[in-house]
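Me: I am new to this structure. Please take me through it in short questions and answers.

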Amino acid sequence: MLLAKIKEALSSLYDGIQETPETPETSEAEEATEEAVVPSEETAPAEEAQAEEAAAEAAPPPGPRETDYAAKGYHLDVDLPSEKVPEAAEILLRENFFIESIAGVDWIDDQQLEAVYDFNHFDELCRVVIRTRTDRNNPEIPTISHIYQGANWHERETHDFFGIKFIGHPNLEPLLLPEDADFHPLLKDFKA
Amino acid sequence: MNGLLQQDVNQETFTLNLGPQHPATHGVLRVKLEMDGEYIVEAEPVLGYIHRMHEKMGENRTWVKFLPNCGRMDYLSALSYNHGYVATVERAAGIEVPERAEYIRVITVELNRISSHLLWFGAFVLDLGGFTPLLYAFDDREQILDLLESVTGSRLTYCYFRFGGVYNDIDDSFIAGTREFIKRLRKRMPMYDALVTKNIILIKRLKDIGPISKDMARRYGATGPVARGSGINFDVRKHEPYSVYPEFDFDIPVYEEGDSMARYMVRMDEIEQSMRIIEQALAKLPEGEVKPKKAIKMVKPEKGDYYCAVEAARGSFGIRIVSDGTNTPYRMKLRSPTYSNLSLFGEAAKGMLLADALALMGSLDLVIPEIDR
């Protein structure tokens, strides 16, 4: 119930976002699907499904994705551009979600930093993960600390460890690290 | 007051440092207070005095080698942290756990929860100026430490759970000792009730002091007894059942008032509920193995990220791991409950008397090494 509702609400955030431009691989996969469907009716349904699956895997449609809770530990995975995160937080607060944590991840091979926001609900089991990526050399994400006051410390912590600047945060001073710390220990290229 | 008093004659308010070395902060927490006479205008907790970067340690050792770290964050309910970590890795790597091991996990975790609440009870009343209950509480807690020492080998920083089971099976003397202890504590609880809970001084110090609303708990992500004292029926053991908790019949104490007294009552009631769980688990304890035949030394969870939460003594403890498919975690995020619970202190303490704010802080049940990690 709640899952469907929040999924629909969060889908609205994708309205302005253009679909990711198709990579050559995707179109090949799609062509393959067409070929498999068109020539004969003998094609086994399983094969068709497989081909469709392959196409879907190559280009997932933008939007919230339901995940396998038993395997992953969360229900909804929402990949958003950074500037949409505050809007998503507002939607979640309206549905009475609470914030559990913010986790940074350093994807050094992609030259990107990721922030993963975990939300949970007090009344019904529904874990929502909002994730966003930002340029590793100039990591900036708008703050949600004015929406969820609890995010204040989580964002400061993420700034401590990864150097992600949360734009609009009232006080981005080191929290867990010493007050004069100018290093970010969880970056993969950090040397003590 | 143990702290640095700074006063500017041109200012109406003054700054007061509470801690980092102060008995009421239970460790090394510093709170910067802006005071107007006895009243708090602004309160800002300053963290990090005991920060050890457990998350980085997670990235430079194997999954197995991180196990001892879990006993060194929340040193009062270390087994919950053990449980949270092994449950996360078991979910990620698809490791089966024998039923008997899950029962033993629940029994020891609940014993640990009682010992944590007993210590909190003693220390909290000590914060409020009552010395005696601490000694009684430590007497009871000592029995639990002895029991847990006999199976885990340590008294505080447990490292008892392993991937796919527990380190050691429990024996008859542990079972008999646990039953004996529950009988003893059941007799002691009415005494605590008469001596402390119904004490008029305690009631006057806690009733209607430090209110935390439902809305505030939600905005800050407060969990555990802090949320349940604000009328939120949220306990990971029921809400998101893990291990063998669905097998047991127990209640979640919830109080609507949201004041320090409500948080006090939640924890006192939880002691009884934990005893109920232990009794049922001992009665139903299945036979069988408690660990895999060959110890799991190499874990390689599939690429991806995983989340798992458990109910620790102070609230929801969650771990988010990111695996790159190797023997070493790519990222290990530790979500400690008190970090979120303390973050609301600044807002909740505004306008309170200093002495009342200390009662509020005590009712949050802080363990600093868990906040700082």
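Reply: Two residues are in contact if their C-beta atoms, placed from the backbone, lie within 7 Å. Keep in mind that this is a predicted model.

Me: Which elements do the buried residues of H6(A) pack against?

Reply: Helix H6 covers residues 151-162 of chain A. Twelve of its twelve residues are buried, so H6(A) is largely enclosed by the rest of the structure. Among them are A:Trp153, A:His154 and A:Phe161. Their partners are helix H11 (337-343) of chain B and, in chain A, strands E3 (97-107), E4 (112-121) and E7 (165-167).

Me: Which element gives the largest share of the side of chain A that touches chain B?

Reply: The contact takes 25 residues from chain A and 30 residues from chain B. On the chain A side, E3, E4 and H6 each give two or more residues. The largest share, six residues, comes from E3(A).

Me: How many nonpolar, polar and charged residues does that side have?

Reply: Sort the side of chain A that touches chain B by class.

Me: Is H3(B) roughly parallel or roughly antiparallel to H10(B)?

Reply: Helices H3 (residues 99-127) and H10 (residues 260-284) of chain B pack with their axes 9 Å apart, at an angle of about 155 degrees. Angles over 145 count as roughly antiparallel. That makes H3(B), relative to H10(B), roughly antiparallel.

Me: Is the crossing of H3(B) and H10(B) left-handed or right-handed?

Reply: Contact residues include B:Tyr103 of H3(B) and B:Arg267 of H10(B). The crossing of the two helices, H3(B) and H10(B), is left-handed.

Notes. Residues numbered from 1 in each chain as written. Chains lettered and ligands numbered in written order. Predicted model: local features only at pLDDT ≥ 70, side-chain atom pairs only at ≥ 80, totals over all residues. Helix = DSSP H or I, 4+ residues; strand = E, 2+ residues; numbered from the N terminus. Expected span 1.5 Å × (residues − 1). Buried ≥ 20, exposed ≤ 12 C-beta atoms within 10 Å, placed from the backbone. Nonpolar A, V, L, I, M, F, W, Y, C, P; charged D, E, K, R; others polar. Axes fitted to C-alpha atoms, helices over the stretch in contact; angles between N-to-C directions. Parallel < 35°, antiparallel > 145°, perpendicular 65-115°, else oblique. Left-handed = near helix turned anticlockwise from the far one by under 90°.
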